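Subject: Structure for you to look at

Hello,

Here is the structure I promised to pass on. Please open it first, then read my notes below.

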Amino acid sequence: MRLATVGRYLLESLAAYGVRHIFGIPGVHNVELYRGLEHIAIRHVVARHEQGLGFMADGYARVSGRPGVCFTITGPGVTNIATALAQARADSIPMLVIASVNRRGQFGSGRGFLHELPDQRGFAAQLCAFTHTVLEAAELPEILARAFARFAAARPGPAFIELPIDVLQSSAAGLPAPTAAVAARPGGVSRSVLDEAARRLARARAPLILAGGGALRAAAELTALAEHLNAPVVMTINGRGLLPPDHPLAVSYSASLAPVRELIASSDAVLAVGTELGPTDYDMYALSELPQPPGLIRIDIDAEQMVRNARPALPLLGCARVVLEALLACDLGPRRAQSSPARLESVRRAAAAALKPAMRRQIAVLEAIREQLPRAIMVGDSTQPVYAGNLGFAAAEPGAWFNSATGFGTLGYALPASTGAGLAAADRPIICLVGDGGVQFTLGELGVLRDVDAWTLIVVWNNRGYGEIKSFMVEAGIAPAAVDIAPPDFALIAQAYGYAYRRVAGDAQLRLVLEEFSRRRQIMVMEVAAAAFDA
Ligand SMILES: Cc1ncc(C[n+]2csc(CCOP(=O)(O)OP(=O)(O)O)c2C)c(N)n1
Ligand SMILES: [Mg+2]
């Protein structure tokens with residue numbers, strides 16, 4: 001192996017850290033990141049815009065559990081990917097953006113060098129918990145070790161490393177062989193605190209679990225604890241699927257709905273696991289904040305987050321899986337009889353009844369997809385059936401339902417994120433749920449699907465405009481304006497990219513197309529005439 005340049009050294013180091021995929025767009029500033037790429041066991045995927053690049057890395061990270069790594073150029077590459085960094089920050093998704101920056105002594109000078117920003121690192125630092133400018137090649141091993149240490153042990157989020165062009169071009173001679181540093185794992189919670197948590201849960205009359213995206217990789221432990229305590233599990237949008245749809249303790253309805261709120265309030269010991277307890281999950285319509293959950297015990301990896309939105313009586317700081325495992329080893333009292341399904345069933349019925357009829361019909365479409373394709377990963381945009389699903393869709397398994405209708409809430413997320421998801425799970429069907437408006441935000445990324453050749457169904461929910469905003473205007477007494485955008489001809493768009501196209505305007509057609517998609521493992525565009533389902 002000849003490690004001629006710092007750029008090449010960086011590639012070798014990323015491979016040593018287990019990186020298998022990189023999402024990037026090259027330019028004259030970062031070509032040194034591509035020197036020798038052909039010799040390295042990393043697949044590079046080219047996006048059509050850096051925002052798409054970032055969303056692909058996001059979808060990839062959520063499905064693979066590894067950080068999504070991106071290469072961008074200086075300046076516009078960084079400003080273009082900023083939206084994806086913000087989305088990843090809001091949803092705690094591990095992502096590493098490696099960008100070039102102008103030569104040492106030239107960046108931030110204001111003299112007008114190509115792609116120059118006043119303060120590129122400062123810009124990225126608004127969105128990333130970790131940022132660094134590598135001013136000397138010798139710094140690089142430690143900077144990578146620090147970034148990956150955070151991915152292993154801290155609350156996940158985006159990180160940003162920039163390298164001046166002349167550093168990328170410089171010699172890597174003298175640097176240690178590229179290897180991955182051993183990352184520390186978060187320490188456990190003290191035994192006495194765990195025992196106290198176990199005692200409170202064992203003594204509770206009606207324990208209940210709130211589970212968020214931070215619990216996604218602790219499904220087995222969470223299920224074991226819920227079953228031992230006979231505790232219902234209310235799952236947030238990113239926590240959906242932690243318990244499967246037919247599990248007697250699963251509450252796959254939003255805690256923004258009154259019947260779910262009442263269930264939480266009637267508990268005397270709430271265990272919150274890996275959830276921000278934030279407004280987009282617990283107060284989706286900004287009607288009233290979640291009251292302090294009774295007897296709150298909270299598991300979170302982030303000490304600051306631990307006291308945000310609600311204060312736990314008992315904080316358990318650490319990785320959800322590790323803490324739950326330790327809790328399961330404590331004395332939780334005798335296993336309880338599974339006695340409350342009838343009560344929970346009435347909560348579920350009341351929650352479903354709280355949804356508008358159109359939403360219930362949209363959820364039925366999602367359920368038809370889940371039934372035909374039980375292993376599907378459903379990646380959503382900010383569109384009406386996704387809003388409905390966020391309120392009351394039961395995902396088949398953890399990680400099988402995520403979208404941008406929550407958190408930062410970016411239109412245009414779903415198409416590129418589903419491409420990243422498909423790359424991370426080549427054997428699973430991917431369902432991209434996107435509106436006719438949102439799909440146009442990142443339409444160019446359609447081309448990347450072909451490069452990746454994932455088994456993807458793009459469901460375009462066509463209501464001929466910004467439907468959700470139109471409803472909002474009508475409800476607010478504003479004459480609808482700027483919401484009736486004419487959609488393009490999606491049949492021709494599919495044809496332009498060489499993808500199969502089907503249009504559905506009813507349940508029977510929907511089932512036929514889903515059946516065809518499950519049989520023919522290919523990329524398909526399915527345009528849904530929304531009016532046929534909303535009527
Ligand atoms: C980047 C961005 N710009 C604007 C919005 C505001 N917004 C939220 S939903 C929406 C309408 C989306 O239309 P479409 O994708 O067709 O979904 P529909 O509501 O019609 O189902 C808009 C404009 C947003 N969320 N993100
Ligand atoms: Mg629309």
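Helices (H or I, at least four residues) and strands (E, at least two) are DSSP runs, numbered from the N terminus. This is a predicted model, in which local features need pLDDT of at least 70, side-chain atom pairs count only at pLDDT 80 or more, and totals for chains, interfaces and linings use all residues. Residues are numbered from 1 along each chain as its sequence is written, chains are lettered from A and ligands numbered from 1 in the order in which they are written, and side-chain values use heavy atoms, with hydrogens and water left out.

Loops with a positive phi

Asn 230 is in the loop between helix H8 (219-229) and strand S8 (233-235). Its phi is near 55°, a positive value in a residue other than glycine. Asn 230 is buried, with a relative accessible area of 8%. Buried means under 20% relative accessible area, exposed over 50%, and partly exposed in between (1.4 Å probe, protein chains only).

Leu 277 also has a phi near 55°, and this too is a positive value in a residue other than glycine. Look for Leu 277 in the loop between strand S10 (269-273) and helix H10 (279-282). Its relative accessible area is 5%, so Leu 277 counts as buried. For background, most residues other than glycine have a negative phi.

The ligand

Where does ligand 1 sit? Ligand 1 is in the second largest pocket. A pocket, on a 1 Å grid over the protein atoms alone, is an open set of points where a 1.4 Å probe fits, with protein on both sides within 12 Å along at least five of seven lines. A molecule sits in one if more than half of its atoms lie within 2 Å of its grid points.

There are 17 residues around ligand 1. Among them, Thr 383, Gly 437, Gly 438, Gly 465 and Gly 467 come nearest. A residue is near a molecule if one of its heavy atoms lies within 4 Å of it. The shell divides into 5 nonpolar, 10 polar and 2 charged residues. Gly is counted among the polar ones.

Helix H14 (384-392) and helix H17 (467-475) each supply at least two residues of that shell. H17 gives the most, with 3 residues. H14 is mostly covered, with 9 of its 9 residues buried.

- An oxygen atom of ligand 1 is 2.6 Å from a polar backbone atom of Gly 438.
- A backbone N or O atom of Gly 409 lies 3.0 Å from a nitrogen atom of ligand 1.
- A polar backbone atom of Leu 411 is 3.2 Å from a nitrogen atom of ligand 1.

Alone, ligand 1 exposes 580 Å², and the protein buries 78% of that. These areas come from the Shrake-Rupley method with a 1.4 Å probe.

Leu 411 is in the loop between strand S14 (401-403) and helix H15 (414-424). Leu 411 is partly exposed, at 24% relative accessible area. Its C-alpha atom is 8.6 Å from that of Thr 442, 31 residues apart along the chain.

Ala 137 lies in the loop between strand S5 (130-133) and helix H5 (140-153). Is Ala 137 buried or exposed? At 14% relative accessibility, Ala 137 counts as buried. The C-alpha atoms of Ala 137 and Ala 172 are separated by 6.9 Å, and these residues are 35 apart along the chain.

Best wishes

Definitions and conventions. A polar contact is a pair of N or O atoms within 3.5 Å; within protein, one must be able to donate a hydrogen and the other to accept it, and residues adjacent in sequence count only if both atoms are side-chain atoms. On a 1 Å grid over the protein atoms alone, a cavity is a set of points where a 1.4 Å probe fits but cannot get out, and a pocket is an open set with protein on both sides within 12 Å along at least five of seven lines; lining residues have an atom within 4 Å of a point.
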